[in-house]
Amino acid sequence: MTYIAKPKLHHPSLQPNALGFTRRDYEGRISTLCAGCGHDSISAAIVQACYELSIEPHRVAKMSGIGCSSKTPDYFLGQAHGFNSVHGRMPSVLTGAAMANRDLLYLGVSGDGDSASIGLGQFAHALRRGVNMVYICENNGVYGLTKGQFSATADQGAKSKSGEVHVDSAIDLISMALLLGASYVARSFSGDKKQLVPLIKGAIRHKGAAILDVISPCVTFNNHLGSTKSFDYVREHDEAVNAVDFVPAKKEITADYEPGTTELVRQHDGSYLKLSKLRPDYDTSDRIAALAYLQEHQAQGELVTGLIYVAPEAADLHDHLGTADTPLNTLTEKELCPGAKALEVVNGEYR
Amino acid sequence: MRAIAGQPLAATNDFVVKFANINGSGSASANELFARSILRMGVPVASRNIFPSNIQGLPTWYEVRVSGEGWLGRRGGVDFMVALNPQTFDKDMASLEPGGYLLYDSTKPIPPEKFRLDITVLPIPLTEICNKAYADPRQRQLFKNIVYVGALTSLLGMDLEAVKWLIAEQFETKQKLLAPNIQALGFGYEYARDKLKDRCKLKVKRQDKVGERIFIQGNNAAALGCVWAGATVCAWYPITPSTSLAENFNRHASRFRIDPVSKKKNFAFLQAEDEIAAIGMVVGASWNGARAFTATSGPGISLMSEIFGFAYYAEVPAVVFDVQRGGPSTGMPTRTQQSDLLLAAYASHGDTKHVLLFPEDPHECFDFAVAAFDLAERLQTPVFVMMDLDIGMNDWLVEPLAWDDTRRYDRGKVLSAEELEAGKTFGRYLDVDGDAVPYRTIPGTHPSQGAYFTRGSSHDAYARYSEEGATYIAGMQRLLRKFETAKCLVPKPVVREADQKARFGVIYYGSTAVAMNEAVAVLEKKGLPLDLMRVRAFPFNDEVEAFIAAHEQVFVIEQNRDAQLMKLIVGECAIDPAKFLPILHFDGTPITARFIIKEIATRAGLAEAEAQEAAQ
Ligand SMILES: Cc1ncc(C[n+]2csc(CCOP(=O)(O)OP(=O)(O)O)c2C)c(N)n1
Ligand code: SF4
Ligand SMILES: [Mg+2]
C-alpha cells in the first residue's frame, strides 16, 4: 500500500510544484552554521533543485560525514531520513544503503576535510564503483568545525587567517573524480545559485556516480585576503565552461536550440541537460580532454566551473553487481530463505 | 595409546597421523582425501590444517586424528608421521610418540643413523615411482601425494574401494584426471602391500560411528547460515582466516538467491577497499532495512571500531563474524586463538559494549549466524559471532545443519507504513515497551511520518541533537537496560553436571569444547568429578553467575594469554578473581585434550604421577 503525501497548507504565495509541495516542504531545521556560511547557500540550492524536480522528500536518503558541511542534511528535506555518519565514512555508509534499496535517491554531503583527507579512500572507491548518488563536497579549503586548519584542498601558497602559508600541493577532487570514473562531474560555487541549482538537478537525474565540488567559503576561517576560497577570490577567478539548463523528460525542447553554441545531453531517464557553451572548444563528453583542460586552466589560476564531464549512459553499482531490480530490503522471507529441503541437499554434499 | 616399551604402537581406530608437507605442493587435497576415506568407513576423524602465512615453499602440516570413540579435539602427540618436508624432517621425527611410525620418500637414501631407534621407519621411493610413471614435472609432483595416500591405504588396512569411490566423486566432472589418479593410488598401495607388509600396527576398521554427520568448515557453515538467515548484503575485505566465509556466501547465494525470472541476484556481494568501508556498508545497508554482515579477523575489528561505537549508540543492527587468529598486530595470521574477546566486547571509544556469540563448532556457526541476524535486528545493535581459525578453516565432523520451515525471522521493531499512517507515535529512541528497545523506521516508508536523523552525536528520544546532561544520561542508561534485555535473548550456557558432587567448575567456550569433552571424560575416570559450563554468549545470562557461585573454584579454559573471558566475567559480574583458575593455551595451535587434562589434574591436586598418567 502506498500513501499519498499530504502537503501542509502554506501561505498562498508559495507556489506548489507538480506534487503539490511548496518550497517550504523541502526545508529542514533552522541552520546552526555561522551567518553567511557558504554551506547554507548549498542547502538552499538543494531545496530549490528538489522542489523544482518535484522529488518526493521521503524518497531521499541524506547521508553525510562529520564537519560543518556534514551537519547540513539536518537543514533541508525534513521529511527525508538522514544519516550523519562518522568522519570521512559517508561514502561507504551511502554505498551500503544504496545496495539495500536501489530505488531511493542518495544524496551525500561532505566537506573537503571529510572527502579529501580522512575520507579520500572512501571518496575514491565510491566513485569508481559508480554508486548511484549525488555526492556534494562543500569545499572551503579548511576544517571549519575544528576551527580553520588547512584542508587538503587548500591551494599551495594560500594564506591562513593567521598568515600561515600552505605549502603542500592541493588535491583537486574534480580531476580525481575524472580519473576514477565518475560519470557526472561538475564544479560550482555556493554563491552562484543560477549555476548550482541546474547542476544539482542534472546530478539528481543522472544514473551513476555524480560528484559536485562546490566551493563554499567559510566566512569565519577562510574568507580573508590571501585565501583562494574566499567569496572575492572565487568571484574573480571563476571561469565557467558552460551554463547548464535542466530540461525535464516530458518537456519539449525546440525553442532556443542553437547548434554550435548550445549542446543537448540526453540523460538515462530521458531528461536533457542543455549546455550553453561559454568555451566553444570545451567538450563535456571527452574525459581526457577535460582533464587536460582542468590542468591547464587551473595552472593559470582559473577556477574552472560548470559541467565538466558527463557520461549519460554509464553503468552503475547495481549493474556491476548484477543485483535484481527489486530492492533487496523488500524481499520477503519466502524469497530469501531456501528452506529445509534445500539444506538437506547441501548436507548431502558434505558427507 | 597403549605403548609397550620398545614395541611399535598398536591401535585400531585410535591414533594420530600427521602429514608434513611443503606449502603449494598440492598435498592438501590428497590429505583431505585420506581423512574423508576414513569417514566413509564409518570411523570419526578430526582433521586440522597447520599452515604458514605463505603461498609456496614454507612448511605445512595436516593432522588427522582417527577416533572410533568420536573425540574430535586435538589429542596431542603424533603416532604416524608422513614426513615429506626435508626442512622439518628432524623436528617431525622428534615429535613422534615412542613406538610411532615414519613414512618418508626413500628415493634419496637417508643414512640409518639419522633415524630414531624407537620408531618404525617406512621407506617408499615416492619420487622414483612418479618419475618412472610420469613425464610432466607437475604431474610427478602432484601424483606423489596420491601415491602416499595409496601406501597409507594399504598400511592402515583401509578400504581401497572407499578411497577409489571418493576419487571418482571428486573427478566426476574431470573424467580425464580420474584414471591417472586411480593409477597413482594403485602404485602406492601395491608398493606398501608388497614391500612393507605387516610393518604397521595402526589399523582402521570399518565402524558405524559417523552416521548422518557432515564434514564441513565453520566458515562455510556460517556462510550457509547467512544465506538461510536472509542476509542480502555482504561487504568485506580479505583477511585470513575469514576470507572463505565471505567467498562461500557468494558461492551459496549465487546458487540459492537468483531471481527466477530475471536471473539477477537477490543479494549484493561487495569487496570493500578496507574494513572501515566494509562495516560502513554493513551499517548503511542495515539502517536501510537489509540484513547485512561482514566477515573479518582481529586487525579488521581494530579498524572497524569507530563505526561499531556509532552503531551501538545510534542503534543500527550489524552482524560481524570475527574469525580469530593469533594476535597482537599481524601476529600469527594462520594460527588460531580466542584473543579478540575484550576487543570485541568493548570495541570503540566511550562506554560501549556489544553482544558476542561463541559457537563451538561449524554446526553452531550455522545456528549462531542465523541467531545473530535476529538478535541484531531485535536489539538494533552490532552482534559479533566469535569464531576462530580452528573452527573456521578446518573440516569438522558435525551433526547435519538443520532448518525448521516454521521458523520465522525476527525482524525486530520496525514500524510499517500502515502503523505510521495510523498515527502511532514515533520517537526513534523512545522506550515504548519497557524493554529499552525502541522502534525504528526504514527510509522511504511513509511520506510524512517516521523520518528521523541518525547521528552518532548525543541525541534525545526523538533523535534530536542534544547535549543536555540529563538527556544524555537517560539515553546511556537505556542502552544499559537494553543490554539487560539482551541477556534474556542470547543463547544460554550449556551446563553439564558431574554424577558426584564436584568441588570444581569448569568454564570454557568456542572451539575448546571438543578437547574439553574428552578431557573431562578422562579426568572423571581418574576420580576428579567436574561440573562444566560452556558459555555461549556475552552478556552473561544469570545462569553464568549461578554456576560460578555454586563452586568453590572454577577453572576457565581459554586460548589466549590474558584470560579474556575470565576478565569479562570478573568485570561484568563483579566476582572475586581469586575464585578462578585460568588455564591458558595460546601457542597458536588448537588446544589439546592432553593439555587440559594435565593442567587441571595438576592444579586440582591430583598427585603429580597421577597427573602424568592421566595425560597419557
Ligand atoms: C575520527 C575523527 N577525527 C577528527 C575529528 C574532528 N573533526 C571534526 S570535523 C573535522 C574537519 C571537518 O572539515 P570539513 O570536512 O572540511 O568540514 P567543514 O567543517 O569545513 O565544513 C575534524 C577534523 C572527528 N570528528 N573524527
Ligand atoms: S566555521 Fe566556517 S564552515 Fe563552519 S559554519 Fe562557520 S562559516 Fe561555515
Ligand atoms: Mg571544509
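Asp103(A) is partly exposed, with a relative accessible area of 45%, where buried stands for under 20% relative accessible area, exposed for over 50%, and partly exposed for what lies in between (1.4 Å probe, protein chains only). The model in which this residue sits is a predicted one, so local features need pLDDT of at least 70 and side-chain atom pairs count only at pLDDT 80 or more, while totals for chains, interfaces and linings use all residues. Residues are numbered from 1 along each chain as its sequence is written, chains are lettered from A and ligands numbered from 1 in the order in which they are written, and side-chain values use heavy atoms, with hydrogens and water left out.

Asp103(A) is found in the loop between α3 (90-100) and β3 (105-111) of chain A; helices (H or I, at least four residues) and strands (E, at least two) are DSSP runs, numbered from the N terminus. When its neighbours within four places in sequence are left aside, Asp103(A) is in contact with Arg59(A) and Pro327(A), contact meaning heavy atoms within 4.5 Å. Between the C-alpha atoms of Asp103(A) and Leu273(A), which are 170 residues apart along the chain, the separation is 22 Å.

Thr284(A) lies in the loop between β12 and α9 of chain A, and with a relative accessible area of 2% Thr284(A) is buried.

The magnesium ion (ligand 3) is coordinated by Asp112(A) through OD, Asn140(A) through OD1 and Val142(A) through O, at 2.1 to 2.2 Å. Donors here are N, O and S atoms within 2.8 Å of the metal (3.2 Å for Na, K and Ca), and water is not among the atoms, so sites may look incomplete. Along the chain, the donors of this magnesium ion (ligand 3) follow the spacing D-x27-N-x1-V. The pair of Asp112(A), in helix α4 (residues 112-116), and Val142(A), in strand β5 (residues 142-143), links distant parts of chain A, 30 residues apart. Asp112(A) counts as buried at 2% relative accessibility, and Val142(A) is buried as well, with a relative accessible area of 3%.

We can turn now to charged side chains. Side chains of opposite charge can pair when their charged atoms come close. The structure holds 53 salt bridges over all chains, a salt bridge being a side-chain nitrogen of Lys or Arg within 4 Å of a carboxyl oxygen of Asp or Glu. In one of them, the side chains of Glu239(A) and Arg279(A) meet at 2.8 Å, N to O. This pair links distant parts of the chain, since Glu239(A) is in strand β9 (residues 238-240) of chain A and Arg279(A) in the loop between β12 (272-277) and α9 (287-299) of chain A, 40 residues apart. Glu239(A) counts as partly exposed at 29% relative accessibility, whereas Arg279(A) is buried, with a relative accessible area of 17%.

A further salt bridge brings together the side chains of Arg408(B) and Glu333(A), at 3.6 Å, N to O. Arg408(B) lies in the loop between β16 (395-398) and α14 (417-421) of chain B and Glu333(A) in helix α11 (residues 333-336) of chain A, so the pair joins two chains. Arg408(B) is exposed, with a relative accessible area of 54%.

Within chain B, Lys487(B) forms a salt bridge with Glu484(B), and the closest N and O atoms are 3.4 Å apart. Both residues lie in helix α15 (residues 469-489) of chain B, three residues apart, about one turn of the helix. Lys487(B) is buried, with a relative accessible area of 19%, while Glu484(B) is partly exposed, with 44%. Salt bridges that share partners also join Arg291(B), Asp374(B), Glu377(B), Arg407(B), Arg411(B) and Arg440(B) into one network.

Finally, chain B can be viewed as a whole. There are 20 helices and 23 strands in chain B, and buried residues make up 62% of its 616 residues. Along its principal axes the C-alpha trace of chain B spans about 85 × 65 × 40 Å.
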